[in-house]
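Have the structure open as you read.

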There are 2 protein chains.
Amino acid sequence: MTTTTPDSGPGTTLGWSLAVVLRRWHELTEASLTDIPHGSRGYHVLTAAVHAEPPTQAALAERLLIDRSVMTYLLDDLEEAGLVRRRVDPGDRRVRRVCATERGREVLAGARDRVDRVEERVLAGVDEPARALFRASALRAATSIQESSPTTDPCLAVREVVGGGDGPAGGRGGGRARRGA
Amino acid sequence: MTTTTPDSGPGTTLGWSLAVVLRRWHELTEASLTDIPHGSRGYHVLTAAVHAEPPTQAALAERLLIDRSVMTYLLDDLEEAGLVRRRVDPGDRRVRRVCATERGREVLAGARDRVDRVEERVLAGVDEPARALFRASALRAATSIQESSPTTDPCLAVREVVGGGDGPAGGRGGGRARRGA
DNA sequence: CAACATCATTTGCTGAACAAACTAGTTTCG
DNA sequence: CGAAACTAGTTTGTTCAGCAAATGATGTTG
């Protein structure tokens with residue numbers, strides 16, 4: 001339904017709203033994550049690295065919207081700080097799997113608390129019930145976007161379980177996922 | 001074993017969700033705003049410039065989270081494209097007020113439709129009722145953030161309506177060309 | 001084995017944020 | 001009045017992230 005919108009059309013403000021909220025999130029998060037090399041980016045990587053199945057760098061980059069080339073030196077710094085480790089996948093030695101170290105888990109635990117508080121603060125203007133809905137909708141929208149993203153090949157998405165290390169059965173699926181070149 | 005915390009931590013995903021959604025918004029918007037110099041940035045500026053009370057550059061920069069120095073050449077390009085005009089405030093000749101031209105209004109009208117469609121598409125994964133709530137919450141959060149921002153002086157905020165005066169009395173033209181180019 | 005594809009790294013380029021210096025105009029105060 | 005302090009905008013330089021292309025190491029296929 002198009003509400004007959006005056007100048008300040010509610011539709012056209014979504015981008016602005018998101019930008020402001022995300023910006024504020026980034027700003028506060030960055031200030032509270034001084035113990036992680038690249039701030040919120042490092043935090044996101046670390047968060048993804050604690051999974052049972054360590055993600056590959058490509059999967060990380062795609063999931064976190066970080067460029068592959070940036071991911072390289074980002075991991076360099078995280079590794080140097082002792083928070084993660086790159087382990088060559090025994091099944092495919094081209095692949096590096098990013099694992100959180102014990103120290104990485106500890107640091108992450110503390111960071112998570114701080115980030116949680118930041119997020120509450122960022123959404124301070126939204127009443128309690130709406131806040132949970134906002135989170136849920138944001139997550140839903142983001143998930144939907146990632147699944148249907150043109151640059152995201154479902155075969156390349158982070159494989160959640162795949163315990164066996166049977167390797168990426170569909171490693172070649174879908175051809176080009178804009179490989180580094 | 002590995003993860004005492006399955007990343008079900010609902011709090012810690014807000015930043016990621018917002019980043020993905022905003023990223024998608026930006027990506028699609030950018031592709032649909034080829035007729036406005038700096039894409040979504042130019043669009044935001046243009047949107048703010050159609051108000052009855054033309055905002056100053058500082059107010060624009062603050063409202064749109066764009067750096068002052070970036071705002072300068074952003075406006076240069078918008079002005080060169082004939083979409084906005086800088087008019088010296090007669091009451092304070094240091095101040096430039098950014099006004100949309102007639103052509104700017106036309107371009108914006110078309111752009112707004114496209115952006116609206118983009119936003120619907122970005123939120124495609126969210127069911128209809130939740131979508132409106134999401135918009136509203138995002139706007140609420142953003143507004144609250146802007147109001148409580150340490151760098152935001154309420155006296156500098158763009159004045160919303162303030163009744164009449166559709167034009168700044170100072171019609172007299174141009175003054176100085178900004179950049180000889 | 002040769003040709004090709006994929007993952008990761010490196011390098012070059014562009015755009016944006018940030019800070020600081022600078023110009024122009026305004027206000028404050030001696 | 002006039003110098004100092006302040007503000008709005010511009011310019012410049014640095015840094016960082018994203019994008020693209022080239023390279024090396026591995027894996028896969030013919």
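## The core

The largest nonpolar core has 83 residues, and the members that touch the most others are A:Leu18, A:Val21, A:Leu46, B:Leu18, B:Val21 and B:Leu46. A core here is a set of buried Ala, Val, Leu, Ile, Met, Phe, Trp, Tyr and Cys residues joined through C-beta atoms within 7 Å. Helix H1 (residues 14–32) of chain B supplies the largest share, nine residues. Helices are DSSP runs (H or I, at least four residues), numbered from the N terminus.

Keep in mind that this is a predicted model: local features need pLDDT of at least 70, side-chain atom pairs count only at pLDDT 80 or more, and totals for chains, interfaces and linings use all residues. Residues are numbered from 1 along each chain as its sequence is written, with chains lettered from A and ligands numbered from 1 in the order in which they are written.

## Around B:Leu46

Leaving out residues up to four places away in sequence, B:Leu46 touches B:Ile36, B:Leu78, B:Leu83, B:Val84, B:Ala100, B:Gly104 and B:Leu108. Contact means C-beta atoms, placed from the backbone, within 7 Å.

In helix H2 (residues 39–49) of chain B, ten of eleven residues are buried, B:Leu46 among them. Buried means 20 or more other C-beta atoms within 10 Å of the residue's own.

## How the chains meet

Chain B puts 50 residues into the contact and chain A 49. On chain B's side, H6(B) gives the most, with 14 residues.

A 180° rotation with 0.0 Å of shift along its axis superposes chain B on chain A (RMSD 0.1 Å), so the copies are related as by a two-fold rotation axis. In chain B, B:Phe134 has the C-alpha nearest the axis, 2.7 Å from it.

Note on methods. A residue is buried if 20 or more other C-beta atoms lie within 10 Å of its own, exposed if 12 or fewer, and partly exposed in between; C-beta atoms are placed from the backbone. Helices (H or I, at least four residues) and strands (E, at least two) are DSSP runs, numbered from the N terminus. Two residues are in contact if their C-beta atoms, placed from the backbone, lie within 7 Å. Copies are superposed by least squares on the C-alpha atoms of residues with pLDDT of at least 70 in both.
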